[in-house]
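Have the sequence and the 3D view ready.

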Amino acid sequence: MNFCHKVTLACIAMFSCATGLVAGEKPNVLIITVDDMNCDSLGAFGCELADTSPNIDRLAKQGLKFEYAHVQVGNCYPSRNVLFSSRYPHTSGVEGFFQVRDIEFPVMTDLMQEGGYYVAIRGKVSHSTPYQPYAWDDDLTIADGKRLDMKNPQTYYASTKRGIQAAQEAGKPFCINVNISDPHKPFYSGPKDKNQPSKTFKANEVPIPGFLFAHPAVRQELALYYSSVRRADDCVGKILEALDESGQADNTVVMFLSDHGMPLPFAKTQLYHHSTRTPWIVRWPGKVKPNTIDDEHMISAIDFLPTLLDIAELEHAKGFQGRSFAPLLLGKKQDGRDAVFKEYNEASNRKRDVMRAVQTRKHLYIFNPWSDGQRETRTATFGTATYRAMVQLAKTDETIAAREQMLRKRVLEEFYDVEKDPDCLVNLIDDPKYQAEINKLRKQLEDWMEATGDHALEAMRGREDPSAVAAYMAKQEEVSASRRRGNNRNNKPKN
């Protein structure tokens, strides 16, 4: 039984959204997410490779795109839980790939159902709530008792159509979250792949991200990645086709974004600029001005749920740590949108490598208490052809060797000028001319950690004392070890 069946609306703190939205028929909501897609893989967000995303580019022209949008986390399970709870991982307890059953807060499913919506999901079901099974009205991933092909665009059309029809039969507006599996690994595998993208790309034509390096294995892996991006775009096209055919498009808010960056080194499972920057698009006929860009305000996943509730004219719940950006959708301005806070705690392999970060439009500060010069991290990106090529080249190339060591061991603090260096290649933490800005962001991050009850605050405050940081990480390793032993598998970390 989910949270909304345990409490009544009397337990929820209510207030007027005061966004200028006009009361009337509630809009439908279609939330489309893609898995492991870099923001700059899309034409609408400056991709150097033509034709990766014709459907998503068209959607961007029909709505508003945010240039400074981020998710909080560089891996999937905790990232999606931030999106649908408006709580940071250290607050919700959803810090890694484990279920958290003793929750005392509602999530999107609860609040939208209480507001009269039919709420369904396709894909990433276990990643989108603190535990499962959760009380979605329908899991559109399953049809006729079978799990649908997660890489097949036509199945996304069928799922979307089925969800819209079910909402109509129930006499409710719909809130449907469709999660596209691409370009998550496994990538498109070539001519024998049963799910062929509408266009594929060759190794000699793909751009190489600045945080990677030129090598045949890297180019080949990127060709498969970009072909998977195009297949994800095919899925978006089919989802929107089903919406158009339903006759509900004019009364449906469509939101599109990625859960984090590409599944290659220095993107996924990190907190760099390209790890968290997401291609956030909102189309809302009659409300959002088409073909507009917000290149002023910073928004992040923590703000999604409050915004969704304002769009649906529903009350907020207690404890949200995000802030609605609904006024921005109507062309208004908001103060205080000049920074986002990011965090990482645990990989899918339960390895606990705590990181915290604050990013402004110009700068990024990262704190890595796990890094002591000896510890090594290991995440899903280490299983890629790109990383294997990096290891081989590191034997003879000092520059790549330094990058590979940085990936494995990192340093305690990092600071980047993301306006000039979005690939985060030059760590400026010791540069004298940036010390005032570094101290400003350190203070900003520490204040946020204190305000949100972050367990990493003790490490941040003791960052100049290696023994204090080591003691903190010893506690964190015990948290993870406890779960691996099965003693605390279904509960939030006991920090």
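This is a predicted model: local features need pLDDT of at least 70, side-chain atom pairs count only at pLDDT 80 or more; totals for chains, interfaces and linings use all residues.

Helix α8 (residues 304-311) is mostly covered, with 8 of its 8 residues buried. "Buried" here means under 20% relative accessible area, while over 50% is exposed and anything in between is partly exposed (1.4 Å probe, protein chains only). Helices (H or I, at least four residues) and strands (E, at least two) are DSSP runs, numbered from the N terminus. The buried residues of α8 are F304, L305, P306, T307, L308, L309, D310 and I311.

Residues are numbered from 1 along each chain as its sequence is written, and side-chain values use heavy atoms, leaving out hydrogens and water.

Next, the helix pair. Two packed helices are described by the angle between their axes and the distance between the axes. For α5 (residues 153-170) and α6 (residues 216-246), the axes come within 8 Å and cross at roughly 30°. Axes are lines fitted to C-alpha atoms, for helices over the stretch in contact, and angles run from 0 to 180 degrees between N-to-C directions. α5 and α6 are therefore roughly parallel to each other; angles under 35 degrees count as roughly parallel, over 145 as roughly antiparallel, 65 to 115 as roughly perpendicular and the rest as oblique.

Who touches whom? Contact means heavy atoms within 4.5 Å. On the α5 side, the residues include Y156, Y157 and I164, and on the α6 side they include C235, I239 and L243.

Most residues other than glycine have a negative phi, and most peptide bonds are trans. Here are some spots that do otherwise:

| Spot | What you see | Where |
|---|---|---|
| D182 to P183 | cis peptide bond, omega near -5° | P183: loop between β8 (174-180) and α6 |
| K185 to P186 | cis peptide bond, omega about 5° | P186: loop between β8 and α6 |
| F266 | positive phi of about 70° | loop between β9 (252-258) and α7 (273-276) |
| C424 | positive phi of about 55° | loop between β16 (413-417) and α12 (435-451) |

Are F266 and C424 buried or exposed? F266 is buried, with a relative accessible area of 3%, and C424 is buried, with a relative accessible area of 3%.
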